[in-house]
Each structure stands twice: as C-alpha cells, then as structure tokens.
Amino acid sequence: MYKKRSSGWLKHLDFTLFDLICLHIAFVIAYLLHFSSSGYEYGVNPYKEPDWVRLMILIEVLDFLFIVATNSFHNVLRRKWPIELSKSFEQGLSVEVLMTFALYVLKLGETYSRTVLLLTGIIYLLATFGTRLFWKEYLRSHYTDAGKKHMLLICNTSKAKMLADEIISNNRDQFVISGIALMDADKIAGKISTYPVVANKENLIKYVHYNWVDEIYIDGELESEEYFDKLRTDLSKTGITLHIPVSIYSEDTEKEHFIQKIGDRQVITAVMKSVPAWKLIIKRILDIVIGIVGSLATVILTVFVGPIIYFSDPGPIFFTQTRVGENGKRFKIIKFRSMYKDAEAKKAELLAQSDVDDIMFKLKFDPRIIGCKKNADGSIKKGIGNFIRDTSIDEFPQFFNVLLGDMSFVGTRPPTVDEWERYDLHHRARLAVKPGITGLWQVSGRSNVEDFEKVVAFDTEYINNWSLWLDFKIFLKTFVVVFKREGAM
C-alpha cells in the first residue's frame with residue numbers, strides 16, 4: 001500500500017505550523033510593547049479583548065491562505081539563506097498588505113493601532129526567518145534512515161552513481177538507497193561510492209524476494225525491451241512499488257499508476273494500492289490509541305496470566321520471535337508464551353505432520369502447547385496453553401508492536417522466517433502493507449482456511465480494497481470472532 005506523497009503546503013506542514021506560531025507570537029509581543037505603558041484604553045492581555053482576539057484570528061487565517069495559495073514553502077529545504085530572507089520578507093509584507101486591505105474593506109481601520117500592525121510585521125519577519133533557518137539546520141543534522149523507504153536501484157554500471165546521487169539529492173527525506181542491482185555486472189562486489197552493490201542480472205529476483213525492499217527504480221537503458229518487460233512482470237508480482245521512466249512504460253491494467261518525479265526524472269509509479277497521506281495518518285493515530293489501550297490491558301493481564309504460565313512451565317512469560325513485516329522488514333513479535341520452552345526446537349521434527357500445506361504450519365494436536373496431551377482413546381486434552389491461544393490472550397503483547405510501529409491493529413499476518421523462505425514470488429504481495437494483529441483472513445474463518453493460496457487471496461483483497469471503513473468493520477468483527485472462539489486475532 002503506497003502512501004501518496006503530499007504536495008503543496010501539506011508537504012511542508014511543519015514549516016506552515018511554525019510560521020503560524022511565529023505570527024501569533026509576533027502579534028502578542030507587538031501588542032504588549034505598545035499597550036504595556038499606562039494611559040491606554042486597552043490592558044496588557046490581548047486575550048481578554050474580543051476585538052483584538054478577532055484580529056489575531058483574521059491575521060492567522062490570512063497568513064494560512066497566503067501559504068496555501070502561493071505554496072510559499074516550495075523547495076524550502078534547498079533554499080539558501082539570502083533567498084529565505086527574501087521569501088520571509090515577501091510573506092511578511094504580503095500579510096501586512098492583506099491585513100490592511102481587509103481592515104479597509106471591513107471599515108475597521110480606526111479600531112486598531114497601526115503601530116501594533118507595523119510591529120507585528122517586523123517581529124514576524126525576524127521570527128519566521130530565524131525559525132526557518134533553525135528548523136532546516138535541525139532537519140539536515142538529524143536526517144537518519146529511520147522512517148525512510150528502502151529503495152533498490154536497477155541499472156547498468158555506467159549510470160549507477162549518477163542516478164543514486166540524483167535520487168538522494170532530490171528525495172533525501174524519502175529514500176535510502178539500500179542497494180544497487182547492476183544488470184551488466186558479472187559479479188556482485190563492493191560498493192559504488194557509498195551505495196552497496198547487492199545483485200546482478202542472475203540473482204536480482206532472488207534478492208528482491210528475500211530482502212527488505214520498499215520501492216524499486218528501474219532505469220530504462222537495460223539489455224533489451226523484451227528483458228525489461230519480463231523483469232517488470234516478475235517484479236510486479238511482488239507487490240513492491242515500481243518507478244519506471246515515462247518514456248518506456250507500457251500500461252499495466254492490474255496496478256494503479258500515476259506520474260510523479262523521482263530525482264530529476266518523470267516516472268510512472270505502479271502500485272497495488274495508493275492511499276492519500278492523511279488517511280494513513282488517521283490509521284496511525286488510531287493504532288496509537290488502540291496500542292495504548294491494548295498495552296495497558298496487557299500489563300493487567302500479565303499480573304494474572306504471568307504466574308499461571310510460569311508455574312505451568314517455569315521460564316519466560318513472554319515469547320519473542322523474528323517475523324517478516326512490511327516489504328520484507330524483519331522485527332521481533334511479542335506474545336504471551338503458550339508453548340513449552342523448547343517449542344521452536346521441536347518444530348523441525350513436526351513439520352512433516354502439518355495438517356495444512358507446506359508453507360503454513362498447523363497441527364490439530366500440537367504437543368508443544370503447555371498442558372496439551374493426547375489421551376489413550378485418541379482424544380485431545382487441552383491445557384492452559386490452549387486456553388491462552390483460543391481466547392487470543394497470547395496476542396495482547398503485540399499491542400506493544402503496534403505502538404512501536406512494526407505492526408498495525410488491522411493488517412495481514414506476518415510470516416515466520418522459515419515460512420517466508422518457502423514463499424513463491426507472488427506470495428510476497430501480501431506484505432505490501434504493515435502486518436496486523438487482526439485482519440480479513442482472521443475474521444473470515446481462519447480456523448477453516450487451510451490453503452495458503454486462499455490466505456494470500458484474502459490478504460490481497462484486503463490490500464486492493466483498503467479503506468478506513470474496511471478497517472473499522474474488521475475491528476468490530478474481531479470482537480465477535482474472539483468472543484465465539486472461532487479463531488485467534
């Protein structure tokens with residue numbers, strides 16, 4: 001699922017907010033400087049004067065409208081200080097002119113002090129200019145790879161450094177070049193500048209299959225048009241976002257596509273599902289709220305469940321395991337332990353007995369579960385581990401994963417590493433979104449779905465039809481499923 005990059009004023013919302021704050025502070029300081037001495041009708045607190053409060057709001061609205069209408073923060077991160085001073089002066093003067101015009105039209109010119117308005121403009125100019133320089137320097141000095149998309153660059157050796165430098169120079173806040181695949185190289189070795197060479201023509205698909213890759217840029221000057229088309233077809237199966245030069249793109253009706261700029265080049269971006277940034281922001285806010293509530297519930301459950309687990313099988317209360325998340329990113333999932341301490345070691349011995357296909361692993365009778373035994377007559381006696389799993393209590397610590405941002409509450413289930421290693425190429429598409437504690441598969445009869453291809457179908461259906469409303473329906477249905485013990489979350 002691809003987050004459409006914000007454009008216009010939304011792209012630099014942080015600068016917009018700082019600018020509005022600077023204007024408000026400038027207004028208050030100007031008011032205090034003018035009215036703090038005795039003998040004036042107004043007091044020294046502008047917030048107690050309705051006329052001046054209305055003026056404060058009007059100035060803020062005019063400033064915001066100017067920012068939106070002129071996109072005044074376009075290329076703000078690249079502007080040198082002389083240009084920034086000019087832009088700050090232009091904005092301050094424009095707000096002053098708009099303010100004067102508005103007061104004239106509303107016939108309120110005699111109500112307010114021109115000195116306050118003039119001081120506001122001067123203080124605002126200095127404050128916003130200084131704040132912009134400070135914030136740009138802060139962003140430059142604190143740029144890290146955290147939160148950036150891992151991009152794989154596919155090209156020939158002669159263009160590799162130029163393309164990588166161009167992308168980073170123009171999209172530093174969006175990408176880290178995690179690797180370069182050289183299509184004309186015989187061997188994989190070393191680096192090009194600071195960028196690691198990770199693949200060549202022979203092992204490119206294998207690398208993409210089993211490594212963390214969020215987005216791929218494919219240069220058009222490869223071996224041949226036929227090879228390019230085959231490569232694009234194979235990569236499309238993975239669900240990874242592809243950026244392809246406009247000049248060589250041929251329409252893929254199975255994917256969404258749109259034009260945007262990567263580096264200095266116009267590209268067609270092909271994705272499984274594109275979503276406006278504001279919707280994913282809402283999803284993340286909801287995840288944080290749910291994560292906080294779920295984490296508090298986990299702390300309470302630990303008081304009661306922890307001792308039961310420990311006395312049933314002395315050892316850790318929690319179980320951690322490496323899982324594969326969005327676009328191949330690995331993370332540690334956290335659960336209440338419902339199996340004996342040596343469960344992972346015994347899994348290899350039991351793989352051949354799996355009741356489902358050769359990718360998922362599931363046993364109707366799993367001797368690794370705490371207290372689970374098979375009676376002499378062949379019936380299964382369930383233990384405390386089964387109760388923890390059947391009631392989905394074991395899933396609660398994953399709310400900490402949601403808070404950390406590795407998971408969402410609603411998404412696709414993250415596979416274990418050994419499952420991941422048995423994936424076919426098209427299976428990778430189910431991890432085009434952040435994994436979740438619950439999801440469409442889990443609330444659609446997980447206990448009865450034993451064909452992994454059906455699991456993939458549920459997950460791709462969820463991705464292709466994602467909406468906040470769909471998440472809300474799955475959220476509600478999860479409680480019904482858990483209450484009826486029809487499957488884990």
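Is Tyr423 buried or exposed? Tyr423 is buried, at 3% relative accessibility (buried is under 20% relative accessible area, exposed over 50%, partly exposed in between, with a 1.4 Å probe and protein chains only).

1. Basis. This is a predicted model: local features need pLDDT of at least 70, side-chain atom pairs count only at pLDDT 80 or more, and totals for chains, interfaces and linings use all residues. Residues are numbered from 1 along each chain as its sequence is written, and side-chain values use heavy atoms, without hydrogens and water.

2. Strand β2. This strand spans residues 149-155. Of its 7 residues, 6 are buried. (Helices, H or I with at least four residues, and strands, E with at least two, are DSSP runs numbered from the N terminus.) β2 pairs with β3 (residues 175-182) in the parallel sense, over 7 bridges (pairing needs at least two DSSP bridges between the strands). His150 has Val176 as its bridge partner in β3. Between β2 and β3 the chain passes through helix α5 (residues 157-170), and this β-α-β crossover is right-handed (with the strands pointing away from the viewer, the path from the first strand over the helix to the second runs clockwise). β2 also pairs with β6 (residues 215-218), again parallel, over 4 bridges. There, Ile154 has Ile218 as its bridge partner.

3. Aromatic pairs. The whole structure holds 14 of them (ring centres of Phe, Tyr or Trp, the last by its six-membered ring, within 6.5 Å; planes under 30 degrees apart are stacked, over 60 edge-to-face, the rest tilted). Trp135 and Tyr138 are stacked, at 5.1 Å centre to centre and 10° between the planes. Both lie in helix α4 (residues 114-141), 3 residues apart, about one turn of the helix. Trp135 counts as buried because its relative accessibility is 18%. Tyr138, at 35%, counts as partly exposed.

4. A tilted pair. The ring centres of Tyr423 and Phe452 are 5.4 Å apart and the planes meet at 40°, so this pair is tilted. The pair links distant parts of the chain, 29 residues apart. Tyr423 is in the loop between α12 (417-420) and β16 (436-438), and Phe452 is in helix α13 (residues 452-464). Phe452 is buried, at 4% relative accessibility.

5. Aromatic cluster. Phe396, Phe399, Phe409, Phe475 and Phe479 form one cluster.
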